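Welcome to this guided tour.

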Amino acid sequence: MNQLFEFLLRQRNLLLFVLLQLISLWSVFTYNNYQHTLYFNTTNAWAASILSTRQEVASYHQLREINGELALENQKLHQQVFQLQAQVQQKADLPVFFSKASLDRYKPIACKVIDQSTRNSQNYLTIEKGYLDGIKPGMAVISSTGVVGKVISCQANLSLIVSVLHTSNTVSAKIKSSGELGYIKWPGYQPEVAELMDVSKYKKVVKGDTIVTSDYNAVYPPNVPIGIVAKVGLQDDGTFHDIKVMLLTHFSTLRYVYVIENKFAGQQAKLEQAKPKID
């Protein structure tokens with residue numbers, strides 16, 4: 001305590017000067033309108049800036065929750081789209097005895113992507129849902145813009161997806177305008193570009209054609225977008241078109257996907273297994 005008193009005694013002139021300066025500033029800003037207004041506006045601006053920064057930080061931390069809510073909303077919208085597509089098809093093409101259960105055949109499950117690769121010849125994604133959420137191997141996976149891949153393995157809370165960007169993975173496809181069938185295969189480079197294979201050179205294909213999943217696809221619902229024809233040439237054998245397709249799914253920025261549950265998958269598998277052998 002004695003040391004404190006000695007310090008204050010030694011610094012008494014400086015402390016007195018600081019005190020007088022504070023009193024002077026207080027008097028200036030209190031009894032002069034211009035200075036008082038300037039002080040008031042300045043402090044308000046600082047306070048507003050601090051509150052704005054605080055609000056921006058809070059909004060940033062809420063983005064994850066908001067993105068999750070948007071994904072769930074998109075899940076509901078996808079469900080409605082599938083139902084409407086089935087209703088339109090039933091009215092246009094299907095016979096009267098077609099099962100009404102097909103109107104609710106496909107159910108999308110929104111999932112968050114937690115890991116993925118795009119630079120390898122065999123690329124995969126990991127999603128934050130597993131068999132406890134109804135995910136099963138063989139289910140189709142799409143994004144809000146197009147085809148992504150299919151589930152190949154599941155744990156309780158995680159699933160592994162083989163990407164379209166995999167040199168051994170193919171997708172049954174068709175040209176939307178003509179219905180001409182083929183299949184999509186990724187050549188192993190450029191994650192934005194795939195190839196449409198087995199389309200005869202005698203079939204008309206033009207740049208800008210839309211490529212979608214075919215009606216005979218065992219994995220994906222029909223008419224899911226895949227990409228846009230970017231280039232049309234002729235393969236070396238001279239039999240088929242050489243078609244480059246610009247994929248609609250941007251894999252490098254993919255954050256949420258939809259696993260598609262086909263409620264008829266079990267019935268279809270049983271029928272496939274029960275096919276009779278014909279001698």
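## Stop 1: a salt-bridge network

Select Lys244 and Asp242: their side chains meet in a salt bridge, with 3.6 Å from N to O. The term salt bridge is used here for a side-chain nitrogen of Lys or Arg within 4 Å of a carboxyl oxygen of Asp or Glu. Before going on, please note that this is a predicted model, in which local features need pLDDT of at least 70 and side-chain atom pairs count only at pLDDT 80 or more, while totals for chains, interfaces and linings use all residues. Residues are numbered from 1 along each chain as its sequence is written, and side-chain values use heavy atoms, leaving out hydrogens and water.

Glu195 forms a salt bridge with Lys244, and here the closest N and O atoms are 2.6 Å apart. This pair links distant parts of the chain, with Glu195 in strand 8 and Lys244 in strand 11 (residues 241-247), 49 residues apart. Strands (E, at least two residues) and helices (H or I, at least four) are DSSP runs, numbered from the N terminus.

Is Glu195 buried or exposed? Glu195 is buried, because its relative accessible area is 15%; buried means under 20%, exposed over 50%, and partly exposed in between, with a 1.4 Å probe and protein chains only. Asp242 counts as partly exposed at 25% relative accessibility. Salt bridges with shared partners join Glu195, Asp242 and Lys244 into one network.

## Stop 2: another salt bridge

How many salt bridges does a search of the whole structure find? The search finds 3. To see another one, select Lys174 and Asp215, whose closest N and O atoms are 2.7 Å apart. Lys174 sits in strand 6 (residues 170-175) and Asp215 in the loop between strand 9 and strand 10, so the pair links distant parts of the chain, 41 residues apart. Lys174 is buried at 10% relative accessible area, whereas Asp215 is partly exposed at 42%.

## Stop 3: the barrel

Switch to a cartoon view and look for a closed barrel of 6 strands, running 1-2-5-4-3-12 with antiparallel pairing. Two strands pair if DSSP finds at least two bridges between them. Strands of a sheet pair through backbone hydrogen bonds, either parallel or antiparallel.

Next, select strand 1 (residues 106-116) and strand 12 (residues 256-262), which pair in the antiparallel sense over 7 bridges. Here Lys112 stands opposite Tyr256 in strand 12.

Then pick Asn262, also placed in strand 12. Asn262 is buried, with 13% relative accessible area. Which residues is Asn262 in contact with, leaving aside its neighbours within four places in sequence? They are Arg105, Tyr106 and Gln268, where contact means heavy atoms within 4.5 Å.

## Stop 4: two loop residues

Most residues other than glycine have a negative phi. Select Gln190, in the loop between strand 7 (181-185) and strand 8 (193-197): its phi is positive, near 55°. Gln190 counts as partly exposed, at 45% relative accessibility.

Asn223, in the loop between strand 9 (210-213) and strand 10 (225-234), also has a positive phi, of about 70°. Asn223 is partly exposed too, at 36%.

## Last stop: helix 2

Finally, select Leu19 in helix 2 (residues 12-31). Leu19 is partly exposed, with a relative accessible area of 45%.
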